[in-house]
Amino acid sequence: MYQVGVLVCVGGLVLANACTQGIVSPLNDALDAEMHLTTTMKATLPTLLYLGTAIGVLCSGPVGDRIGRVGPIYASYLGLIVTSLWLVLLDSEKQLALACCRFLMGFACGFGQPVSFALVSETMPSAARAAALYAMATCGIMGYMLASFGMRLFLPDLGVTAGLWRHLI
């Protein structure tokens with residue numbers, strides 16, 4: 001039963017990360033429509049999210065080895081919640097804060113990923129390990145599908161209408 005709880009916990013994280021990564025481009029257009037981003041900032045925001053993800057992935061393993069697998073998973077959840085709230089409440093004049101928020105959101109996405117897969121591999125019986133990893137991958141696919149559904153619902157014009165993007169977060 002413990003393994004099912006682990007799978008649900010890390011599956012939710014994989015789903016949330018996929019949702020976050022899946023709305024990068026349309027969210028960028030919506031942010032531009034509301035905040036009137038400079039061309040440089042508009043090009044930099046997706047890069048910062050992916051750079052943060054890469055750095056988070058690289059930091060995750062050593063931290064997970066030192067303090068255990070669960071700490072980075074909780075930190076990733078907390079980071080996604082805090083940065084999502086920060087993004088929703090962000091003032092349109094704060095473009096540097098927006099850049100920091102997107103980088104930290106990416107870091108939170110990446111920080112929990114490797115340790116999630118490691119935790120599932122370490123806690124599942126060998127007979128169920130492959131099915132559990134497939135279930136995690138399916139959560140990622142479902143996260144992208146959820147992001148697509150959310151974009152269709154809240155950003156039908158892919159970001160031209162300002163303000164509705166906050167519902168997507």
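This is a predicted model: local features need pLDDT of at least 70, side-chain atom pairs count only at pLDDT 80 or more; totals for chains, interfaces and linings use all residues.
User: Which secondary structure elements does the protein have?

Analyst: Helices (H or I, at least four residues) and strands (E, at least two) are DSSP runs, numbered from the N terminus. The protein has 7 helices and 0 strands, so that its elements run α-α-α-α-α-α-α from the N terminus on.

User: What does the radius of gyration say about the protein?

Analyst: The radius is taken over C-alpha atoms, and the globule rule is 2.2 Å times the number of residues to the power 0.38. For 169 residues a compact globule would have a radius near 15 Å, and the protein, at 17 Å, agrees with this. Its C-alpha trace spans about 50 × 30 × 20 Å along the principal axes.

User: How many aromatic pairs does a search of the whole structure find?

Analyst: Rings of Phe, Tyr and Trp (its six-membered ring) pair if their centres lie within 6.5 Å, and planes under 30 degrees apart count as stacked, over 60 as edge-to-face and the rest as tilted. The search of the whole structure finds 1 aromatic pair. Phe107 and Phe111 form this stacked pair, with 5.4 Å from centre to centre and 20° between the planes. Because they are 4 residues apart in helix H5 (residues 95-123), about one helical turn separates Phe107 from Phe111.

User: Is Phe111 buried or exposed?

Analyst: Buried means under 20% relative accessible area, exposed over 50%, and partly exposed in between (1.4 Å probe, protein chains only). Phe111 is buried at 11%, while Phe107, at 25%, counts as partly exposed. Of the 169 residues of the protein, 42% count as buried.

User: What is Ser116 in contact with?

Analyst: Contact means heavy atoms within 4.5 Å. Ser116 is found in helix H5 and is buried, with a relative accessible area of 0%. Leaving aside neighbours within four places in sequence, Ser116 is in contact with Val10, Leu13, Ile73 and Met136. Among contacts in the protein between residues at least 6 apart in sequence, 79% join residues at least 24 apart.

Notes
Residues are numbered from 1 along each chain as its sequence is written. Side-chain values use heavy atoms; hydrogens and water are left out.
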